[in-house]
Amino acid sequence: MEIKVGLASCGLAAGAGAIYDGIKDYISSKGLDIELKKTACIGMCFAEPIIEITTDDGKNITYGRLTDADIAPIIDSCLQNNPLLEKAILSPDYDCPENDNKASQTRIVLRNAGRIDPESIDEYLENDGYKSLEKVLKEMTPEEVIKEIKDSGLRGRGGAGFSTGLKWQFAWQNESDKKYVICNADEGDPGAFMDKGILEGDPHSVIEGMLICAYTIGADEGYVYCRAEYPLAVRHLKKAIADATERGYIGDNIFGSDFCFDLHIKEGAGAFVCGEETALIGSIEGKRGMPNLRPPFPAKSGLWGKPTNNNNVETYGNIPWIILHGASEYRKYGTETCAGTKAFALAGKIRNSGLIEVPMGTPLRKVIYGVGGGMKFDKPFKAVQLGGPSGGCIPEHLLDTPVEYETILKTGAIMGSGGMVVMDSDTCMIDIARFFLNFTQNESCGKCTFCRIGTKRMLEILNRITRGEGVLEDIDTLDKLAHQIIDTSLCGLGKSAPNPVLTTIKYFREEYIAHIVDKKCPAGVCTALLKYTIDAGKCVGCTACARKCPADAITGKVKQVHVIDQDKCIKCGACYEACRFDAVVKV
Amino acid sequence: MENKNEIDAIITKYKGKKGATIPLLQDLQSIEGFLSREIMQYASDQTGIKIADMYGVATFYSMFRLKPQGRHIIKVCKGTACHVSGAETIFHAIQSHLGLTDLEDTTDDGKYTVMEVACLGCCSLAPVMMIDEETHGKLTPDSVGKILDRYE
């Protein structure tokens, strides 16, 4: 029997480390013949901690939401080939609640994540690892690789959607004594964790993709620029680079060819704008990460002024699969203009949040209600936010939009790198617009005036509206400023910063009006427009709210109706959460 | 200067290397947990990197700190999923548990420094915080106090 434990960062945060130790102790104390393995993100983060068991008679069952008490009964039942199914979430052999979830996904870039031990190069090699690199070095010219990647229709997964093959061709065409490849792992969008899942779960696939790119464009040195907030990804990447170097996949004369390659990790120091490629290059050079005017594009003059190819983690992760299976096989997934699959980080008010991968062209509705299992607590859907701070909020009536770069762009949002945050009726759209603008305003590098000051003015207006001090002209001013920022900013950060505001004005104008004219926040989020009161008909006098109130604003005796002193109330909502009788109401 | 040998070793490692400013400052910061003016001036004198450039880099990136910080760093996630799940309330609960005002980020006993971060990528467990390198999820205003009390 074999047991795999999902030990990616969210699994660990949910207690998977203790589950792993518990299983290990149980195996050794009972002297059981069980192989215990580690893997990374299985993707079903909503059910962490997760283990996957393969029984001696070849049955495969994934268990979720485990506690220490589950370990012994589950292991014992599986050893008797009669597995307990109460906590089983997924299985090809038994009827489990998440079987459809798995079936509606297509895993190409996440092919190994959650299946193999990311710290074992041998497990990567057993799963076709470094075979594509060998094929490229032994059988293909750079022109042939470029043609294959172009034919596959792969487009940059960082969000811009530029043809990867074409990008490589530009870097290949520019002759130079020195060229670089860079992997952008500075996944800064709040609400996005695809690249983290790939780096933690399958770091070798990204390294192999980079090696193939380096051979193709003629580079001999590369950098992975990784966010410092992802310590586990950095650790797995470091181990993977060390192991690949030891086995000769990185270094001199790889596979006996003339191709030599050296790979470094640069840990980011915390600046969202460094996701922009010219800023990222500046940061590797040791400078403040501020974007530069393009052209010249990095393919001509990038790192240290040399031709440089920069792709995102997910883009590189697709490359080995495409080389091994061929462009036409990749084209079988997705649509005419957007081939292949896309990884998404599903989060927010959705039942099955986690890391998923679906073919391009899948309608948003299918992603949210199919793979995502629908809304948490069955609350009404309000919007889905795509593309992080550069993206926008897509409302219910556009849920049949297929996920493709162009169709998403038409809604006013962007595909982005793959963050998908679902919002329900408890989310205030003005608050969300303000949240993203606050983020981009903080992260603006300050180079372009409108991005630096315009976003600040927009934020002030939004703050005013959420305090109930807005006027109707504010909506027009926001719109005007937004377009000025878009027109006058150098890089993607500024050009897209107003998107969350523009899309919320476009689709949720009535909420702006409710805040401005009626001085009400329909979602009950903006505290200045909100009052908590106690419904005397429902209050049973259990004192739960009074005990939770941090401001001592609630008075009342046991078994008597309680009252909130509005002058003392800080509107933290603790009483609302504490009441089990729905007696605390937001008005 | 304290830790001179350690500082010199770091400077030797990066001196003359291109693009060294950020990793140099990252390593120097790891000694005392922050970059003092004294340490930056010394590193500047030794490496020839202008102190203005160092200061420019140190103030640009959120990871660099110019004043002493607590033994434990609490990073409160303010990502989208955490925001819609009540990150603001969690932040206030941490502040009130540690007795910090909006203008302070480090406790008087030097035990904790609290900061907001954009996204820790554990959105399924929102709201989330990271203490040192350990991530804690599904936080409630009640649970944060219990978690904080576990740290020495």
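Helices here are DSSP runs of H or I of at least four residues, strands are runs of E of at least two, and both are numbered from the N terminus. With that in hand, select chain B, which holds seven helices and four strands, arranged from the N terminus on as α-α-α-α-β-α-α-β-β-β-α. This is a predicted model, in which local features need pLDDT of at least 70 and side-chain atom pairs count only at pLDDT 80 or more, while totals for chains, interfaces and linings use all residues. Residues are numbered from 1 along each chain as its sequence is written, and chains are lettered from A and ligands numbered from 1 in the order in which they are written.

Stay with chain B and colour residues 4-60 as domain 1 and 72-149 as domain 2, bounds that come from an automatic or database domain assignment; the C-alpha centres of these two domains of chain B lie 30 Å apart. The C-alpha trace of chain B spans about 50 × 30 × 25 Å along its principal axes.

Next, show both chains and select the residues in contact, meaning that their C-beta atoms, placed from the backbone, lie within 7 Å: 45 residues of chain A meet 37 residues of chain B. On the side of chain A that touches chain B, the largest share, four residues, comes from α1(A), and the elements giving two or more residues also include β10 (341-348) and α17 (429-443) of chain A.

Now centre on A:A345, whose contacts, not counting residues up to four places away in sequence, include A:F193, A:L355, A:M420 and B:C123. Along with A:M210 and B:V128, A:A345 touches the most other members of the largest nonpolar core, which has 215 residues. Such a core is a set of buried Ala, Val, Leu, Ile, Met, Phe, Trp, Tyr and Cys residues joined through C-beta atoms within 7 Å, where buried means that 20 or more other C-beta atoms lie within 10 Å of a residue's own. Helix α10 (residues 203-217) of chain A gives the most to this core, with nine residues.

To see where they meet, display A:S132, A:L133, A:V136 and A:L137 in α6(A) against A:E208, A:L211, A:I212 and A:Y215 in α10(A).

Note on methods
Buried ≥ 20, exposed ≤ 12 C-beta atoms within 10 Å, placed from the backbone. Contact = placed C-beta atoms within 7 Å.
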